[in-house]
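Subject: Structure for you to look at

Hi,

Here is the structure I promised to pass on. Have a look at it first, and then read on for what I found.

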Amino acid sequence: MSRTRSSLLTLLIALLAVPAFAQEPGADLDELWRVGSLWQVGDNREPVDEARKAIIAAGDDGLKYALTKLDIADTLQIRCLNAVFAGFGDSAFDDLVANIGHESANARRNVADLLARLDDRKAAEPLLAQAGLEENRGARLAQLAALSKWQVEAAVPLLIEISGDTADRIRHRATSLLGAYSSQDSVTRLIAMLDDSVYYVRDGAQGALAGGTPQARALCLASLNNQLGLPGAQQNLQRLRLLLSVIATLADDGTPVALRKALGHESGAVRGEASAALVAWKLGAGLLHELDVDALLKSAIDKEHDPFAKAAMDKARTKLGEADAK
């Protein structure tokens, strides 16, 4: 009798050790989704993970159920949606493509995000077609984000269009999407966005240009030189200042020429930015160049009368000295 009780106890412990959802192949998908959409912290970590895995393990039934959740909008359910479709992987591709034109704008946005995560360029053509028709800004931005990830050139006109949106956050997001391209049109638009009235949109455009390909930054150098070649009254000083730090990352023989020209600009603000850009260039792209930037800055400081420019030059020279001392 004692041995029988011991055996039953051992069996009971073994059964209790099995994850709750793993032993229920026909588990209620609504309940699995509820648990899978909980905040995954503390004691919830394992149950949430198990619930999501159980939905995936349900196979076609789980996929069909997950497809009914495409129009969700709250963050926790979207996390569950992403995890579940990541588990289904390529097997969900055709169903997602079939829902690119879903009647719900939330679903169209989520589908575009999920397809971008699957990273299958075969979705580009239908996404591009939908983006051209899309009226919802959030959904359209998600569609264009996927197309930008794959550098689909045909999406550039649509990105340029949405980069002029009245909403600051949309314009800011568009800067990073345009930054994936090196074409004349995309770079020209980003340069124009350096004039945006909102500072973080300007910062986004500047960052996208600075992080662009050498080809894209070469176009920035050409734009800077065009500005410097204009009569003073016609120059766009804000654009000049923001472009200086962009071209400072470019290893091109024309870079130090343009930076030295900017260092002698009639605007103290431009001269100050040029000094910082010269040091950034010398410590990076121009590291092996023979130009003596320290001597150049010392000479400029001796002649400088503008307080801002003088302070910027002193700071730039100090930064250069500290780098040399290391």
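Of the contacts in the chain with a separation of 6 or more, what percentage comes from residues 24 or more positions apart? The answer is 62%. Please keep in mind that this is a predicted model.

Let me start with the overall picture. The chain has 19 helices and zero strands. Its radius of gyration is 28 Å, whereas the globule rule gives 20 Å for 326 residues, so the chain is more spread out than a compact globule. Along the principal axes, the C-alpha atoms fill a box of roughly 100 × 55 × 30 Å. Buried residues make up 45% of the 326. The accessible surface is about 16900 Å², and carbon and sulfur atoms account for 52% of it.

In case you plan to look at charges, there are 36 positive and 43 negative side chains. The centres of these two sets lie 5 Å apart.

Now to some individual helices. Helix α4 spans residues 60–67, and its buried residues include Gly 62, Leu 63, Tyr 65, Ala 66 and Leu 67.

An α-helix has 3.6 residues a turn, so residues three or four places apart point the same way.

Helix α17 runs over residues 268–283 and contains Arg 271. Is Arg 271 buried or exposed? Its relative accessibility is 8%, and buried means under 20%, so Arg 271 counts as buried. Leaving aside residues up to four places away in sequence, Arg 271 touches Ala 262, Leu 263, Gly 264, His 265, Glu 266, Glu 304, His 305, Asp 306, Ala 309 and Met 313.

That is what I have for now.

Best wishes

Terms used: Residues numbered from 1 in each chain as written. Predicted model: local features only at pLDDT ≥ 70, side-chain atom pairs only at ≥ 80, totals over all residues. Heavy atoms only, no water. Helix = DSSP H or I, 4+ residues; strand = E, 2+ residues; numbered from the N terminus. Rg over C-alpha atoms; globule rule 2.2 N^0.38 Å. Buried < 20%, exposed > 50% of the residue type's maximum accessible area, 1.4 Å probe, protein only. Contact = heavy atoms within 4.5 Å. Areas by Shrake-Rupley, 256 points an atom, 1.4 Å probe, with all protein chains shown as cover. Lys, Arg positive; Asp, Glu negative; His and termini not counted. Charge placed at Lys NZ, Arg CZ, Asp CG, Glu CD.
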